[in-house]
Amino acid sequence: RRQVAQARMLKVQAEGAVRDAYQALIVATGLPPTTRLQIARQPERPLPEHLHDDVEDRLETILARRPDVLEAYAAAQAAHTGIDAAEAAFMPKVFLTGIAAVTNNRLNVNGLSFLGQPVSTAGAMLGVTVPLYDGGLRSRRLEAARLRADQAVETWRQTQEDAVFDVVSANNQLRSALEAYAAAQAWVDSADTAYDAALESYQYGLGTVDIAAEAANDRLTARMAEVDAYHAALAAATRLAHATGELTSRDAGDTIQPPGFEAEPANPAAASFRMRQR
């Protein structure tokens, strides 16, 4: 009875976790709390024992693909353009202007024919403007432009550091999840063997029911650990795919392969990104 009560408690806790996850999903998708969703069963897929490649060796390619890094880089480039514009205000400016006009003077006396002669005028002027004194306005504008550029560059560098940390952290999480899943599989195999041996021993009168029940509980615990490790590995793979910028297409669906599950060709944007970065 005690073991049955423990099993029922585990079932209640699992059902409560399902309800909590369901409500979290509803909140994350922005749907009304009363929305009812039909959750599809996730197809079983084999997990590799270890990662096939290391994302740390592809950080430049990954950074060249992340939208937040590219956005920060574009902001830094725009800020440097502001410096060029502020510095141009200190330079002399050369301008060329031209004018063309036609004047027609006519005289009409008591219905006589018109008398007059059109006059045309055309000209061009070349000039140079030299900035003299403006009370330090241009200097302040240049200093503000440089400050904005420094802030944009610092934001860009910080964005890159955050992206690298995110990628490395997700990669380590996936590696640990795969190792945990492999250990859980070994635990399940040994627990099944121990349970079969304990049950057979009890059936032949050589063992006690307590030993058989303990082996059954251990097998249940091992299988739950295997399930948890399996889905933790899938979640870690999804997080790594998002961190590397590979989970950005809304219509990718199940075609997304997280890094480490399958080697991918190098991104050609990495080379141009390195040149811009330098």
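Helices themselves are DSSP runs (H or I, at least four residues), numbered from the N terminus.

Ground rules for my notes: this is a predicted model, where local features need pLDDT of at least 70 and side-chain atom pairs count only at pLDDT 80 or more, while totals for chains, interfaces and linings use all residues. Residues are numbered from 1 along each chain as its sequence is written, and side-chain values use heavy atoms, with hydrogens and water left out.

**Helix H3**

I checked the span of H3 (residues 67–88) first.

Next I looked up burial (under 20% relative accessible area is buried, over 50% exposed, partly exposed in between; 1.4 Å probe, protein chains only). Val69, Ala72, Tyr73, Ala76, Ala79, Ile83 and Ala86 are the buried residues of H3. They sit on the same side of H3, because their arc around the axis is only 130° (taken from the directions from the helix axis to the C-beta atoms). Pro67, Glu71, Asp84 and Ala85 are exposed on the other side.

Ala85 and Leu142 lie 57 residues apart in sequence, but 8.5 Å apart in space, C-alpha to C-alpha.

**Cores**

I then went through the nonpolar cores (sets of buried Ala, Val, Leu, Ile, Met, Phe, Trp, Tyr and Cys residues joined through side-chain atoms within 4.5 Å). The largest has 18 residues, and Leu47, Leu174 and Leu178 touch the most other members. Helix H4 (137–203) and helix H5 (209–243) each supply at least two of its residues; H5 gives the most, with 8. Another core, of 9 residues, lies apart from that one and includes Ala79, Ala86, Leu142 and Ala149.
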